[in-house]
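Subject: Structure handover

Hello,

Here is the structure I said I would pass on.

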Amino acid sequence: MKKEKIEVLVIGAGPSGCIGSAYLQSKNIDVLVVEKAKFPRPVVGESLIPRVMDHLDEIGIIPALISEGFEKKWGARFLRGKNECVFNFSQKYGEGWDWTWQVPRADFDDVVAKEVQKQGVRIDFQSEVINVEFNKNGDSITTVRDLDGEETEIEAKFIIDSSGYGRVLPRLLNLEKPSSHANHSSIFTHIEDVNRSSQERGSLISFDILETEVWLWVIPFSNGKTSIGIVGPSEFIDKLSETGNTTEAMNTAIGLSEFYKERFEGLPFIFKPLLLKNYSRSVKQMYGKGYALTGNSSEFIDPVFSSGVAFATESGMLSAKLIARQLRGESVDWEKDYAGYMKRGINVFSTYVKEWYTGNLQTVFFHEPANQDIKHQICAVLAGYVWDETNPFVRKHTNVIKNIAHTIMMNNMLLTDFYHQEKFRAIDKNNFEVHIRINKKHDIFNGHFPGKPITPGVCMIQIIKNICTEIIGKPIVLDKSKYIKFTAIINPEVNPDLILMIQFVESNDETFRVKCEVYFEDTLALKLSSEYSILTNRA
Ligand code: FAD
């Protein structure tokens, strides 16, 4: 058996492995990439996001990629019935690239790998890792088998596992963990897009929502072909493909799209549609002594926001930087500087994916009129800038979407004539007296409760928030309430006229606390103390 000794072994020459190995090479670290496939090889994941450009730029290969003429991606469109919501990366909050590409991945990955080879990285194609043994100190012996069946033992100080769905180390070291995301699957293919409009919208990446959890992707390429794929809960995709005929399933999926069926119906598929079941992946740990897991070998959430390649390049680059530091003799806190950092970004995207499938994010996307500040901040998340804590949609990701969707739903109900503001008086800059009249004929009272109308507490909380929004003049979300006390029933038949005494007790540019008392005649009906966040940092 042949033997080799190197400093860093990278498994897989996808975007993650290529970015990491190019960085190590630039630091004169002895790096070898082993890749089991022959490139170009098929791979899914064609819609990039702007954050990827930072990494491609850092290894200096943007000019080479520009000369390939890939389709420029400047934003993304979400469709639901006749409604559309378009995000334009040039209008995103904060710094960062405002464009990227939509690419046939086989070609894109091939160019990236060739460019990295030109920089001196050795990539052994058609060489498959079949075993890895670690010593106590983290050094490892990896067995690689080439196309002729010949095996080589490679001794390395460090391994970057960028093997994607190969998931070499998660399998060998028993690191697999079920994903916290619901089981979703996908069927996808490419078509000759002969009916594509030459207008800008014709080449815009689109996500057509067929049901809350079912959507179709449409990714047009500059070579006239277009990638299409359907995504949904695994039971839905199983049913769609129950005959085992993925061509039939893909045709049915196209027929479900009012928007695209005319453009795609009857066009032949370039390859038999592929089925990928239960695609989300997770791991128990992202690093260990002598190794780091990157890209899809560590975590894959969902394709809906096209974050896969961006996480692959982010983790590939970061792991390489930390290894370079470690090989220089510096101490590295892998938990904080690698797993902690990556998880912060993964958690943000995870929230957005989860809120997409609950329907909350879709409520926010399709709300009219759109609040442009909110849209710009969400756009930065969709561009992959999920570590920018100055963005409230990053910093408060765990509840911001849920809260806004809730506000929209409540307002849809309340603003249809639930109450009227009769008087507004600013007593001083922190104290306000607001008179409102509840509409006793509103539909809500048919259900709450027939013959015995009671104003729901949740509506009162929303009214207070609406009035605070008007006073602040910016979108806000309710963070928490110190107390909410309902001290009398508000019967709109008897007491439709309410007086709200609102006091701003603590406020700064980002948050404020409000105390409010609600009266009818001399009766105190509600007392509340709540904290809100302001959803913009702009003046
Ligand atoms: P890969 O690109 O998969 O590369 C891994 C490489 O490792 C492969 O070349 C493989 O041959 C090699 N390898 C595997 N095992 C071994 C072994 N034993 N020895 C040697 N080499 C090995 N992401 C997006 O950014 N945009 C999208 O639009 C998008 N759409 C998606 C749609 C679906 C349905 C799914 C499931 C995923 C999608 N993704 C998308 C995710 C994207 O495919 C991945 O996140 C991305 O390809 C990960 O890159 P990587 O470098 O980690 O792995």
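The notes below cover the ligand and then the salt bridges.

Please keep in mind that this is a predicted model.

Ligand

The ligand has 37 residues around it, and E35, V44, S47, N296 and V309 are the ones that come nearest. By type, the shell divides into 16 nonpolar, 15 polar and six charged residues. Helix α1 (15-26), strand β8 (127-134) and helix α9 (308-327) each supply at least two residues of that shell.

A polar backbone atom of V309 is 2.8 Å from one, and a polar backbone atom of S16 is 3.0 Å from one. The ligand taken alone exposes 1,000 Å², of which the protein buries 95%.

Salt bridges

The whole structure holds 28 salt bridges. One of them joins K3 and E153, with the closest N and O atoms 2.8 Å apart. K3 belongs to strand β1 (residues 2-11) and E153 to strand β10 (residues 151-161), so this pair ties together parts that are 150 residues apart in sequence. K3 is exposed, at 62% relative accessible area, while E153 is partly exposed, at 23%.

K118 and E115 also form a salt bridge, at 2.8 Å from N to O. Both lie in helix α4 (residues 105-118), three residues apart, which is about one turn of the helix. K118 is exposed, at 65%, but E115 is buried, at 15%.

Finally, E4, R122 and D124 are linked in a network of salt bridges.

Regards

Technical notes. Residues numbered from 1 in each chain as written. Predicted model: local features only at pLDDT ≥ 70, side-chain atom pairs only at ≥ 80, totals over all residues. Heavy atoms only, no water. Near = heavy atom within 4 Å. Polar contact = N/O pair within 3.5 Å; in protein donor to acceptor, adjacent residues only side chain to side chain. Areas by Shrake-Rupley, 256 points an atom, 1.4 Å probe, with all protein chains shown as cover. Helix = DSSP H or I, 4+ residues; strand = E, 2+ residues; numbered from the N terminus. Nonpolar A, V, L, I, M, F, W, Y, C, P; charged D, E, K, R; others polar. Salt bridge = Lys/Arg side-chain N within 4 Å of Asp/Glu carboxyl O. Buried < 20%, exposed > 50% of the residue type's maximum accessible area, 1.4 Å probe, protein only.
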